[in-house]
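Here are a few exercises to work through with the model open beside you. Take them one at a time, and try each before reading its solution.

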Amino acid sequence: MHRPSVSPPTSARPPRRPLAALAAAAGAVLAGALTLSAVPASATNAAAPSPAADVRAANVADGFAGVNAWGQNGTTGGAGGQTVDVDTAAEFLSAIANPNPLVIRVNGTISLSGGPMHDVTSNKTIVGVGSNSGITGGGLNIGLPLSDSITAPPANAVKNVVIRNMKITNCPDDCVNVQMFSHHIWIDHNDLSDQSDGALDVKRGSSYVTVSWNRFHDSDKNMLLGHDDDNDAQDVGRLKVTYHHNFFDGSKQRNPRVRFGEPVHLYNNYYLNVTGYGAASQMNAGVMVENNYFDNVEKPTRTDVGGDPGRIVARGNIVVNSEDPIVQRGSVQEPRTYYAYTLDPAANVPSIVRSGAGLGKVGVPTASAATRAAADAAPVGWAAEGGGTTGGAGGATVDVDTASEFLDVVRDSGSHVIRVHGMLSISGMQDVGSDKTIIGVGANSGFTGGGLDVDGVDNVIIRNLNFRDSGDDGVNVTDGSHHVWIDHNDFAGSDDGTVDIKRGSDYVTVSWNRTHDQAKDMLLGHSDGNGGQDRGRLRVTYHHNWFDGTAERHPRVRFGNPVHVFNNYVANADYGAASNTEGGVLAENNHFENVPEPLVIGVYDGPAGSLVERGNVYVNSGAPETGGTVKPIPYSYSLDRGADVKAIVTAGAGTGKM
């Protein structure tokens, strides 16, 4: 048994809890560090690219594919063009050859013939539908015909191509080939296997490519970057590629093999049972290898696979059960010169990549997190059922900036939209009447010293408000209240809960809120003995909330079934969501970080409820408890991937995002 080794972490963003669990289990050993220095960009790239933003949200190209360069700002594929559905080879080949922008939705497995490789034109998105769509018997060529005489990017180079969620297998040549100065290519969430040559080759001057969240298996020569040792005229200063969060599942070699390119960025990839080698650098290529996880990899990195050696800088990686340590040589240009990115701790890479890479993990393309959150004009989930929740829509709009003005209108029996200006000091729990929308103006409006009591009423919306230092709850929904939407608020410092829902209340959505500086967070269900009032009610949706260091109740559930908890970010808590006393909780695609008990049944020795989980991400967290069955969710909704939830929720939750 080989002891694990850890290459030095980057100084730019050290892990919050640096490999404590791994060190305790096996004794981490630090590999020697090399000094990182910047290498000037090649003179062949006259115009410096514009750095891209850090975009981890689903459906946005990151890494080099997101950089503004060569006249193309990021990679959008066929966005803006027509969407076509194909399920035959003839339809598919016609669509990928079309000169216009297209989003091509592939339904089922399409068998290709008539040649090993099939050309893809510019401005295309090729996306598989479901988790079993793709092509077999042929590969995709992204690029002009080969020509040694062309040594600079031509105006008609193929560009702006997205390939996602495709199963590509049984390829007589490559599965995907990118060549002849093709640029801005994003290859994401695919499954590639059983090819005669490479699974995914990038060569002959191509650049600004990102290869992310793919699974490679049943593969010998996996990924080549750089045509051959003599192709410097086309390749030097180009071949800029990002490889991240890929699962190299027994792929023997070339994961990737790199010539000439710099910087080539490999981060957060998972290498498992690789009998040849992981990544190789030759012909003076510059490869940055950081926060990857190598398990049973004979040679994690090499510079001696042929031709002149290349350069490798490694930092933050973990190597276990492997013959050789990571090989490093020289210095490499810093990828952050081109784009921002967020590293997952290497210790978490196996679980993150196993759960997130490959097919069936891609949702419907959406706008950015903040834009989508702000655009929510109506609730998602239970508050939209049974007639929906409209608050004070149709009534008078009233602006208030004193507590007395607010209390006069909020208790009124009519419909009102109440716009709160600034922080209003109230005491105790103040009653809210039916048919009210209470909304803060700006990011710094709300209440201090007391909370809102939604007691025996219906059709209430509470949005964009700060709740501070209530002597009881921030918001209490009780005594049969129904159709309530609590959205985009910020809760802190309450003596009891932030949002408690109890005593037969129903049809509630709690979304995009931030809670912090608080012990007890959200209670659903008054007590274990309140079944007579609560059974068949307490149907609540919790989504995209940021539970930021609150200790417990995210939520704690009694009797409600189904209670839907999805796409929430729970950080630094004692426990996450709990199901007690006939509760039925579906927890899906949430992100738990530093939570010893992320999902619990029967908390504090209370009777166990039912809890079903799927698609969640657990970082530095314990194992979830599950059991029983949960009633089906009756409404439609879109899920963000668990791996993207942290970035989406921290960008979009709380006040000032509307």
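Buried means under 20% relative accessible area, exposed means over 50%, and partly exposed lies in between (1.4 Å probe, protein chains only). This is a predicted model, in which local features need pLDDT of at least 70, side-chain atom pairs count only at pLDDT 80 or more, and totals for chains, interfaces and linings use all residues. Residues are numbered from 1 along each chain as its sequence is written, and side-chain values use heavy atoms, leaving out hydrogens and water.

**Exercise 1.** Describe how W70 and Y208 pair.

Solution. Start with the rule: rings of Phe, Tyr and Trp (its six-membered ring) pair if their centres lie within 6.5 Å, with planes under 30 degrees apart called stacked, over 60 edge-to-face and the rest tilted. That rule gives 21 aromatic pairs. In the W70 and Y208 pair, the centres are 5.6 Å apart and the planes make 75°, so the pair is edge-to-face. Next, check accessibility: W70 is partly exposed at 26%, while Y208 is buried at 2%.
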